[in-house]
Every structure is written in structure tokens, then in C-alpha cells.
Amino acid sequence: MEKTIKKFFPIFVLPTMIAFTICFIIPFFLGLYLSFCDFTTVTDARFVGFDNFLKIWNDATFVHSLWFTSLFSVASIVFINVLGFGVALLLTKEFRGTHFFRTVFFMPNLIGGIILGYIWQLIFNGILSYFSRTLTFSPTYGFWGLLILMCWQQVGYMMIIYIAGLQSIPTDLYEAARIDGASSSQKLFRITIPMSMPSITICTFLTLTNSFKLFDQNLALTAGAPSDKTEMLALNIVNTFYSRSGWEGVGQAKAVVFFVLVAILVMFQIRITHNREVQQ
Amino acid sequence: MKKKKKASRRALTILFSVISLVYVAPIAIIIFNSFKKKAYITSTPFSLPTQKSFVELQNYVEGITKTHFWSAFATSLFVTIASVIVILICTSMAAWYISRTKGRVSKVFYYLCIFSMVVPFQMVMFTLSKTADFLKLGNPFGLILVYLGFGAGLAVFMFSGFMKSIPIEIEEAAMIDGCNPIQTFFLVVIPILKPTLISVGILETMWIWNDYLLPYLILNLKKYATIPIVIQYLKGGYGSIDWGAMMGMLVLAIIPIIVFYLSCQKYIIKGVTAGAVKG
């Protein structure tokens with residue numbers, strides 16, 4: 001059977017492989033090479049070694065955006081997961097309308113980042129106008145604005161994953177706890193949370209990578225204003241490429257650093273989930 | 001005891017009704033602001049349109065002419081539907097081949113697909129746009145090819161994961177009965193694969209429909225645009241935003257998403273959860 005299938009290689013695999021090579025493999029390795037070059041277009045590349053990488057750390061905007069992104073990621077992990085888990089806990093109780101409420105909470109997740117950004121820009125500016133301020137008055141406003149936006153978008157998504165996790169906890173555990181006279185907070189900390197660890201791990205890393213790679217929402221809500229102080233890593237890289245001529249090489253080097261950071265986070269995630277699977 | 005429980009249930013329903021109202025408020029605000037005069041949108045965004053501020057459909061008309069919205073809508077719709085169909089067919093075929101044959105090429109290809117899921121778009125953004133330029137891919141058809149290449153990672157990964165659980169005996173029986181691999185795939189494998197096809201389809205649809213940066217860099221913007229591109233375009237060069245047109249266009253951009261959500265909600269939630277657990 002394998003031999004007959006192999007004859008059909010051009011039909012089954014070739015289209016995907018060609019598209020994948022053009023759109024991913026070539027750009028990836030070319031990008032890796034170009035990060036060591038000085039260039040404005042691909043054809044005039046001149047090898048300069050680690051120059052671009054050294055320049056990154058002298059670029060204050062990059063270092064700032066790295067801090068801003070890290071801080072934002074930590075904050076969004078905490079807020080989105082605590083809210084998502086809390087809502088999931090309440091919505092797995094029996095009362096009228098749980099299904100409808102789940103539908104409502106999940107809905108913003110489907111709206112694109114650019115659209116979300118402008119919706120919330122209007123709302124935040126509307127609220128802040130009562131204090132005669134605007135969203136771009138201070139980077140702190142931009143930070144919290146972006147956080148509220150991300151909570152609105154992602155809490156429903158995490159809630160769905162948490163609900164799936166909560167529903168798979170065997171009910172006899174709770175029954176045993178009830179017979180032993182456990183209080184509801186004991187049930188929460190001794191049964192519900194430990195049994196939800198797989199979904200907590202998934203959601204933590206989802207929120208982490210989502211916030212770390214955030215671009216559209218950042219561009220539409222503040223676009224880095226005031227003076228690039230709310231610029232996140234992805235936006236910083238794009239701006240380095242397209243609004244600072246002569247900095248293409250540095251932009252590509254930043255992109256490589258960005259890739260390495262994301263790869264480290266993902267490896268860390270795989271390691272943790274893998275370990276947990278072994279334990280079970 | 002029973003009475004107390006009933007009361008607390010009712011309290012929860014009321015509490016969540018209030019929260020839900022707050023939750024949909026942003027969308028409601030956008031909708032009623034889209035019927036107000038420009039000056040009133042930014043000065044009093046939280047008040048309903050009054051006789052003085054009401055402008056009928058002027059914001060919509062202005063926005064549509066300014067952004068050529070319908071043409072962007074058509075491009076978005078065409079690119080999304082065509083890309084998703086192409087991705088589903090091509091990658092499921094590739095995944096089947098990979099999981100049913102042993103060879104160095106398919107193994108390397110599979111691991112590269114997984115690897116590509118880790119790589120952020122900014123890493124390949126510049127070189128991809130130059131490659132696409134060089135190959136003249138700056139039109140909707142070229143964009144479909146780019147989405148196939150870019151969506152391949154997740155799709156091949158999810159399909160291969162599912163293929164491993166399909167018993168190979170069914171396919172062997174079909175082949176012995178005289179099916180060639182193409183018939184076997186489309187008549188036997190595809191029907192079994194249906195749930196995964198829907199999940200992957202939903203994930204890719206949500207990604208492509210909302211994607212901004214990739215089409216912005218690939219498409220020839222003088223001729224083509226997608227919905228996120230025209231919305232970002234309403235922000236002028238110096239950061240000034242035409243809020244009237246913006247409100248109208250935001251509403252028009254949200255309506256298809258809500259219709260899509262309400263009509264296939266069950267599949268969307270399932271697909272998204274499947275993607276999260278695997279990804």
C-alpha cells in the first residue's frame with residue numbers, strides 16, 4: 001500500500017510543499033542570513049557580522065518595548081486567567097441562562113484586533129474626556145487600556161477551556177469531600193484547582209504567547225503613542241523596518257531576537273506539559 | 001435550605017445579566033454612534049442620538065465611498081473562503097501522505113511544519129513580502145498561495161494528529177477493493193476526517209478574515225484591500241481619524257462576524273478548543 005501511495009507524491013504533497021517553501025522556508029532562512037547584513041532591499045545585502053545585533057541594545061525604543069511587552073504579558077496572564085477561571089467556576093453552577101452568558105462572553109474573541117482597537121479607543125477617550133485627558137496622555141493609560149481590551153477579548157476564550165476542564169473533574173471527588181465535611185474553599189483549593197492544572201497550563205501559555213506577539217490591537221489602540229512609550233515588540237520591529245530607512249538590518253536582527261524569545265517560551269511550555277503528562 | 005439555594009441561583013442570573021449587558025455595551029455604543037454626527041461622536045460618545053445629532057445613514061455612505069468598502073468586503077470574502085478551501089484540501093492530503101508513508105522527505109517536512117508554528121510573523125515579514133513581490137503574488141490569487149504556505153503548519157499538525165487515530169485497515173480494504181490512493185482519500189478518509197476539517201476550517205477562517213499585517217504587506221494596495229486594511233486606512237497620515245466613517249465601517253465589519261458566530265456557534269467553540277489544546 002505504501003508503494004502505491006508514494007507514486008502519488010506530486011498530487012498529495014507537492015502543492016502544500018511548494019507554497020510552504022516559497023512562503024516560509026525561503027523567507028525564514030533568507031531572514032536569518034539578512035540579520036547579519038546591511039541592506040535596504042534583498043539584492044544589495046552586504047555581510048556585516050554581528051553589527052546589527054550590537055546596534056539593537058543601543059536602541060532605547062527596543063529595550064523599552066521589551067520591558068513594556070514583558071510587563072504587559074505578566075499582567076494579562078494574571079488578569080485574564082483569574083477572570084476566566086472565576087467566570088468558568090460560576091457558569092458551571094446550575095442557574096438559568098448559563099448557556100446564553102457563555103455565548104456572550106465568547107463573542108468578542110472573534111472580532112479582529114484592528115476593529116477592537118478602534119472600538120476601545122473611542123470608549124477610553126470618551127471616559128477620559130470627563131477628566132479632560134486622552135488615551136495618549138500617558139503610557140500608563142495605554143497600558144491599562146490595552147489590558148482591558150485584551151481581557152474583553154480573551155476572557156471568554158479562556159473561560160471555554162476552563163469550563164471543559166472543570167466538567168471533566170469526576171464528581172465523586174466532591175461527594176467524598178462533602179462526606180468528609182470539607183468547606184467550599186477547601187474544595188476549591190484541594191480539588192478544583194489541582195484538578196484544573198492541565199487547563200491552567202494551557203491557558204497560561206496561550207495568554208503569554210498571545211500578549212507577547214500582540215500587534216493589531218497595539219497598532220489600532222495607541223500605535224505606540226505617546227512617543228513610542230506604549231510600543232510593543234512586534235510593533236517596534238515593524239516600525240524599524242518601515243519607518244526608519246537604513247535600519248532594515250537592525251529590524252531583521254530584532255526579529256531574530258524576537259523569534260528566539262518566543263521559541264524559548266514555547267520550549268518551556270512543551271517541557272512543562274510533557275512532565276505533567278508523565279506524572280499522570 | 002432549598003429556598004436559599006433558589007434565591008442564590010436567581011441572584012447569579014441577575015448578576016450575570018448585568019455583566020452581560022456591560023459586556024456587549026461596547027458594540028452597542030459603536031452601533032448608536034454610527035448614526036450620529038461626527039462632532040457628537042467624540043464629544044459625547046455615551047449619549048444616544050438625539051434629533052440634533054442624528055444623521056441617518058450619512059456615516060455609512062461616506063465611509064463606503066471613502067474606503068471602497070464593498071470591494072474590500074468582496075476581496076476579504078473571496079480570499080477567506082478560497083484560502084480555507086485550498087488549505088483544507090491541500091494540507092489534509094499532505095498530512096495523509098505524511099502519516100501513511102515513511103520517508104525522509106515527509107518526515108523533514110512534518111517537523112518543519114511544526115517548527116513554523118513557533119516562528120512569529122515578524123521574523124519572515126520582510127523577506128516574505130520581497131519574495132511575494134518578486135513572484136508577482138500581490139493579488140488575491142497570490143494571497144491564497146501565501147495563506148496556504150502560512151496556514152500549512154497548524155493544519156498539517158492537526159490533521160496528522162487525527163490521522164494517527166484512524167485505523168489503517170479501512171483504507172487497506174478500500175485499496176484491495178480497487179480504489180487508487182486518490183479515491184481512497186476522498187471517499188474513505190475525508191468522511192472520517194469531517195470533524196477535524198470543521199475545526200481546522202474555523203481556526204483558519206478566523207485568522208484569515210481578521211488578518212491585517214500579512215495582506216497589508218503582500219497585496220498591491222493600489223488595486224486591492226481587505227476589511228482590516230480599509231479600517232486602518234481611515235486613520236489619516238497624521239493620526240487624525242474620521243470618526244463618522246469609522247463608526248459606520250466598524251459596524252459593517254462586525255455584522256458578518258456576529259452572523260457567522262451565531263450561525264455556527266457550536267462548531268466555532270469546539271474548533272477553537274481543539275486548536276487550543278493541540279497548539
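A residue counts as buried if 20 or more other C-beta atoms lie within 10 Å of its own, as exposed if 12 or fewer do, and as partly exposed in between. The model to which this rule is applied here is a predicted one.

Take A:L83 as a test case. This residue sits in helix α5 of chain A, which covers residues 60-91. Is A:L83 buried, exposed or partly exposed? A:L83 has 17 other C-beta atoms within 10 Å, and therefore it is partly exposed. Leaving aside residues up to four places away in sequence, A:L83 touches A:C151 and A:V155. A:C151 stands 68 residues from A:L83 along the chain, yet the C-alpha atoms of the two are separated by 8.2 Å.

Now consider chain A as a whole. It is divided into domain 1, residues 16-49, and domain 2, residues 59-279. The C-alpha centres of these two domains of chain A lie 32 Å apart. Where they meet, eight residues of domain 1 of chain A are in contact with six residues of domain 2 of chain A. On the domain 1 side, the elements of chain A that give two or more residues are α3 (14-34) and β1 (37-38). Of the elements on that side, α3(A) gives the most, with three residues. Sorted by class, the domain 1 residues that touch domain 2 of chain A are four nonpolar, three polar and one charged.

The next step is from one chain to two. How many residues of chain B are in contact with chain A? There are 66 of them, and they meet 75 residues of chain A. Which helix gives the most to the chain B side? It is helix α1 of chain B, residues 2-33, with ten residues. The side of chain B that touches chain A is made up of 47 nonpolar, 15 polar and four charged residues.

The largest nonpolar core has 142 residues. Those with the most contacts inside this core are A:I115, B:V146, B:I231 and B:L250. Helix α7 of chain B, residues 140-163, gives the most to the core, with 15 residues. What does A:I115 touch, not counting residues up to four places away in sequence? Its partners are B:I231, B:L250, B:A253 and B:I254. Two of these partners, B:I231 and B:L250, are also named among the residues with the most contacts inside the core.

Conventions
Residues are numbered from 1 along each chain as its sequence is written. Chains are lettered from A and ligands numbered from 1 in the order in which they are written. This is a predicted model: local features need pLDDT of at least 70, side-chain atom pairs count only at pLDDT 80 or more; totals for chains, interfaces and linings use all residues. Domain bounds come from an automatic or database domain assignment. Two residues are in contact if their C-beta atoms, placed from the backbone, lie within 7 Å. Helices (H or I, at least four residues) and strands (E, at least two) are DSSP runs, numbered from the N terminus. Ala, Val, Leu, Ile, Met, Phe, Trp, Tyr, Cys and Pro count as nonpolar, Asp, Glu, Lys and Arg as charged, and the others, Gly among them, as polar. A nonpolar core is a set of buried Ala, Val, Leu, Ile, Met, Phe, Trp, Tyr and Cys residues joined through C-beta atoms within 7 Å.
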